Amino acid sequence: MEMTFRWYGSKFDTVTLKQIRQIPGMTGVITTLYDTTPGEEWQPEAIRALKKEVEDAGLHISGIESVNVCDSIKVGDSDRDKYIENYIKTLEHLGKEDIHMVCYNFMPVFDWTRTELARVKPDGSTALAYNQKAIDAIDPENLAASIKKMSGGTVLPGWEPERMAKVQELFEMYKDVDGEKLFENLVYFLKAIMPVCNKYDIKMAIHPDDPAWSVFGLTRIITSEENIVRLMKAVDDVHNGVTFCSGSYGTNLENDLPHMIRTLKGRIHFAHVRNLKFNDTSKENYDFEEATHLSSDGNFDMYEIVRALYETGFDGPIRPDHGRMIWDEKAMPGYGLYDRALGSMYIQGLWEAIEKNDKRKN
Ligand SMILES: [Mn+2]
């Protein structure tokens, strides 16, 4: 594995490349052109400039998170081929710059969904949280009004009032898109991009849906071992691979995370490792918050997750995922410097212990 850190670019991130480089063991960043719009072709000059900036700081680009897929491709609109063509050109430009891993997701309308961005923990740190009752209070047919009723008055990313009109349009676009249709559109997209991925050895790594079930009546299809394996088989090419995100698959406690990693051996090209703490697992009151990476702080056995990655020969980039806000840091929710740096050290500690133990046995 290679230890990496997500970085949004100097225009958008509070964390600097210099700070990232000072985290022990950190050699790569996972980045993106944050100001591009899904569907547009990335410009080679912009990719080159980003790459130069990262390399000038003594790091390198280990992969892109994300090249977002636009809604036309997801719903299978008549103009999707034009956008797929742009996606192919973007992959080609990335390949020519020696970038070989691209993370993306296929979630309708929204990316990850949380109901609180700064839930205060007993130690005074804050973390992202999800509460089912707050979600159920939202009526997708009447978005603007329901948002106001949301508990705590927090606004989800993507739910800003100025986006409301657009969101309503998006719900309209997805009206007739069920799980099977979305899956078909995903397979169509992957088959179309596989030739360019093969040519430049670009490993596509689909990020699971977060949370791992349908929200607001929008279907979600990358949620379990069963459906991710189905996708791997539908386009059986090593370049059609997975971002194994423990925190996203783990929202559904029925997902056996180490088992999934072993099943997906050879197809995991990127790993997001983080822990969740469940406060209530009943259907109507489902509630979880993001924990520190430490196993004992949450519900996941991080040792078993890292061990499964090690034992399956995982050699791609790995990164700590969302962190809490600690030590009075002000940063993008989930993406501060300090707690993620702690997370990366913990993951590296687990990895070193597992590796040495393994070598001692042999
Ligand atoms: Mn993730």
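User: What share of the contacts in the protein chain with a separation of 6 or more comes from residues 24 or more positions apart?

Analyst: This is a predicted model, in which local features need pLDDT of at least 70 and side-chain atom pairs count only at pLDDT 80 or more, while totals for chains, interfaces and linings use all residues. Residues are numbered from 1 along each chain as its sequence is written. Two residues are in contact if their C-beta atoms, placed from the backbone, lie within 7 Å. Among contacts in the protein chain with a separation of 6 or more, the share from residues 24 or more positions apart is 72%.

User: How many helices and strands does the protein chain have, and what is its radius of gyration?

Analyst: Helices (H or I, at least four residues) and strands (E, at least two) are DSSP runs, numbered from the N terminus. The protein chain has 13 helices and 12 strands.

User: What percentage of the residues of the protein chain count as buried?

Analyst: A residue is buried if 20 or more other C-beta atoms lie within 10 Å of its own, exposed if 12 or fewer, and partly exposed in between, with C-beta atoms placed from the backbone. Of the 362 residues of the protein chain, the buried ones make up 39%.

User: In what order do the strands of the barrel close, and what is the average twist from one strand to the next?

Analyst: Two strands pair if DSSP finds at least two bridges between them. The barrel has 8 strands with parallel pairing, in the order 1-2-3-4-7-8-9-12. Axes are lines fitted to C-alpha atoms, for helices over the stretch in contact, and angles run from 0 to 180 degrees between N-to-C directions. From one strand of the barrel 1-2-3-4-7-8-9-12 to the next, the twist averages 30°.

User: Which residue of strand 12 stands opposite glutamate 2?

Analyst: Strand 1 (residues 2–6) runs parallel to strand 12 (residues 317–320), and 2 bridges join them. The residue of strand 12 opposite glutamate 2 is proline 317.

User: Which helix lies across strand 1, strand 9 and strand 12?

Analyst: Look for a helix that runs at about 130° to strand 12. Spanning residues 338–361, it is helix 13.

User: Which strands are the edges of the open sheet?

Analyst: This sheet has 4 strands with antiparallel pairing, in the order 5-6-11-10. Each edge strand pairs on one side only, and the two edges are strand 5 and strand 10 (276–280).

User: Which residue of strand 11 is the bridge partner of leucine 276?

Analyst: Strand 10 and strand 11 (residues 287–290) run antiparallel, joined by 4 bridges. In strand 11, the partner of leucine 276 is glutamate 290.

User: At which residue does helix 8 bend?

Analyst: Helix 8 has 22 residues, and its end C-alpha atoms are 31 Å apart, which agrees with the 32 Å that it should span at 1.5 Å a residue (times one less than the number of residues). The bend at a residue is the angle between axes fitted to the seven residues ending there and the seven starting there. For helix 8 this angle is about 40°, and proline 195 follows within four residues of the bend, which is at isoleucine 193.

User: Against which elements do the buried residues of helix 8 pack?

Analyst: Buried residues of helix 8 include Leu182, Phe189 and Ile193. The elements that the buried residues pack against are helix 3, helix 4 (80–96), strand 7 and helix 9.

User: Is aspartate 201 buried or exposed?

Analyst: Aspartate 201 sits in the loop between helix 8 (179–200) and strand 7. Although not a glycine, aspartate 201 has a positive phi of about 50°. Because 12 other C-beta atoms lie within 10 Å, aspartate 201 is exposed.
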